[in-house]
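Colleague: Please walk me through some ring and helix contacts in this model.

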Amino acid sequence: MPTAPHRPLVGRCVETGRLGTLLDTTERGRGGVLVLRGEPGIGKSALLDHAAHIAAPRFQILHGTGSEFEKELPFAGLHQLCVPVLTHLDQLSPDHRDILQVAFGLTSGDPDPHRVGLAALELLSTATRKQPVLCVIDDAHWLDHASARALVFLGRRIAAEPLAMVFATRPRPAEPRLDELPGLTLGGLNNTDARSLLSAEKTITLDAQVRERLLSEARGNPLALIELPRAGGFVPPTPSPVAQRVQRSFHTRLEGLSEPAQRLLALAGAEPTGDPHLLWAAAQWSGIDVGEAAPAAEASELIEFGTRVRFCHPLARSSVYWGAGLERRQAAHRALAEVTDPVTAPDRRAWHRAQASSAPDEEVATELESAAARAQARGGVAAASAFLERAAALSLDPGPRVQRTLGAARAALDAGTADTAANLLNSIDADVLGPPLQASIDLLRGKLALLKGGQQAQDGPRLLLRAARRLEATDPELSRSSLVSALETALVTGRPAGVMEQVLEAAHTAPPTNRAPDLLDALSLLGSGRYREGVPMVRRMLTGEAAAWAHHPGLASLLSADLWDHSVHTSITEWMTRTGRQSGSLTLSRLALAQTAISAVLTGDFRRADAAIAEEEAIADALADAPKMYPRVHLAAMRGRGKEAFQLLDEAQRRGRGQLPANMHWARAVLNNGLGDYSRALDAAVRGTQDAGLFLPGIILPELVEAAARCGRGSLAADALESLAERTEPVETSWAQGVLASARALVTEAEADHRKGIEELEHSPSAPGLARSYLRYGEWLRRRNRRRDAREQLRTAHRMLSDLGMEAFAHRAANELRATGEVVGERSERPLDRLTMQEIHVAQCVAAGATSKEVAARLFLSPRTIDAHLRRIFRKLDITSRRQLKDLPELGQPLETVD
């Protein structure tokens, strides 16, 4: 296909300057991305052409274009972009090579869809070894969901690569993640530039009155200024959007063509890949004389035929397709289905057959259902939803129609498209269905409510409760599981207490069944305060078999807190880590990392907590999601970093959704107890026990006892101690008994309780709890003027708290030591304190022998980015090699891999 001459741009100095800067910095090894946003015809495609023109021949240029008619095909856009560099597949790591081959339909398999972006990053990074790469992606608003997600992932991770990406999209793209990338919004040309562009078009002579009307109506839209004169220059008498007027100009050209040329253009408009061989085969099957039709179609300047079929503008293709009429469009899809290979392109063939169908067709519906299964296996959940939705529309039998609609809604929820899921669910007449299907709809509506967030999120647990009640008679086991899901789901809304009451009520009124005690029974006992019966049952549920973990891992990890047993929590976390790795579930991996961080905070391994938080944030970033707040808040509170902790707490409060209030109250209580602000600690602890319901009071109650005792609220402290004893006495672990004894000492003022607390906690994994027990004992001794004894305890406390990095409590211990007459020096900064969380994680992995490529895969980054991190780490630590990292024992051990 001959290359069109480069058209100089009019009035785009700012935009071309941004593109030039992007390419210059990329050529120097610092990649970047730019999203051009604007209405149709505003000049986005012209700027992409300009970028490609000035980049050649310094860059290898990769082109991709979103297609309105290809949105149902997963990874179609990414595949189109990467085709020229697939020759590098053999140079990739085996996992990434396999992932891309399956995603692009080159082989069969079941890859982790979240890793496709990382695999594509390695592919493009490999291509840059020869020369820098520029990716230009037009019509990004029409990209299939899977490609858009992968390309946004790439755009956020190319800072250390000689790789530039430029997107063109409409102001409100269907893929909202595009808005997260750096962008530039294009406006219309000013009056001077608009007149200049219009004068440069020699296609028609306009009289002055028509020229002024056209300038007014075009509003500076370059494509309108170019195309409307070709339609005669006489604009419609009533205002209409510029895109519609430009499409009318394309339609005017179409109307003057012969019928064979129009049919050929309709075929080209319906064929999303631009493959000329497929087009000519479909034309031959349709009986179109290509020798006559093709020259006439090209003469209209709507289309070019070459090594690839290209319309002059996406709006031209849209105008041709929709202007063809329903019968001609269906005929075009029928012809394309006949010539599309059912072995190499079964999904595209099924899609063409579906578009060609004018009446229900069970054979086509079944074919679409198979295409949906293949799409879902490749990570195309949005595509699966579209296939199933069309399959439902073509279903003859109401039963399969409902099942396919539910499947489409389920896939739409997995893809995060709440409105699509809502429309699909609303299309089902639930009143004529039986209880099981009604319950399925309620379960999906509950998930939908959570996805939409805000006030609607509060409906999620209620809908799950309704589903459970509907299932009581037909499926008691699923009913009970739904009740537990309602409780677990309430964690996301942050309001579990009210739901807990409803769950317990439903559990008590459920019909009896011949079954062994289950998780719901254990929850019922704990919720009614029967801890001596409930705690052993919970232990059996959490240590006997992994069933509770498999179905309710988040709930299981929270329940383990009531056991005060680090080994149980570790077992659950390790199971989640292992299962997340094996299944490819990044959701489960994130939960595992968050719980790893919490465990590390409570045991005083803050480096491990840093690493887990950094890795969870990396996965969240890869998913374009917000990181989990509570591990970061817990860590900052335990460290006693007031400014950081209060900022995180405020952020968590603003975010709201997904933040269990008791988590935040516990963090405030710990932080303020460390800072010595006991009245605020008391307020937070009281709120925490009120909002906690079933969850977290075990770790909140010791904070409440301490704050109340320091504030002279003896009765409140005694009541809190009694509640703590009810929860800890049935547990019988050193951790539980040490916490109880240490808290009791604050109420009884008995030295024996102080000593017992220290003795028990010395045999527990809770280093922070032990250090704080030494501090409390030392404070108690000093207030009794036993200064020599107090110094011994306070020195131990200060050393332990300083070594752990519990800054607020260490400062409190230092003040107590000074009160005994001892001089206490300030803790000097340690080199590792200069590293960020992510740098600590990188350093730990490299110190353990991991390569840059292995660390990159774990953190969803490129090896070049890891190398850049290492250079900063070496500079901050004043070292020069990876070997020297191994000599830093304070780095701790790296996390078990979850990729």
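Predicted model: local features only at pLDDT ≥ 70, side-chain atom pairs only at ≥ 80, totals over all residues.

Modeller: Residues are numbered from 1 along each chain as its sequence is written, and side-chain values use heavy atoms, with hydrogens and water left out.

Colleague: Are the rings of W280 and F305 stacked, edge-to-face or tilted?

Modeller: Rings of Phe, Tyr and Trp (its six-membered ring) pair if their centres lie within 6.5 Å. Planes under 30 degrees apart are stacked, over 60 edge-to-face, the rest tilted. Here the centres are 5.1 Å apart and the planes at 55 degrees, so the pair of W280 and F305 is tilted.

Colleague: Is F305 buried, partly exposed or exposed?

Modeller: Buried means under 20% relative accessible area, exposed over 50%, partly exposed in between (1.4 Å probe, protein chains only). W280 has 28% relative accessibility, so W280 is partly exposed. F305 has a relative accessible area of 15%, so F305 is buried.

Colleague: Which ring does the charged end of R329 sit over?

Modeller: The test wants NZ of Lys or CZ of Arg within 6 Å of the ring centre and within 35 degrees of the ring normal. For R329 the distance to the centre is 5.5 Å, and the ring belongs to Y321.

Colleague: Which residues in α32 meet α30?

Modeller: Contact means heavy atoms within 4.5 Å. From α30, L591, A594, Q595, A597, I598, V601 and L602 take part. Their partners in α32 are Y630, P631, H634, L635 and M638.

Definitions and conventions. Helix = DSSP H or I, 4+ residues; strand = E, 2+ residues; numbered from the N terminus.
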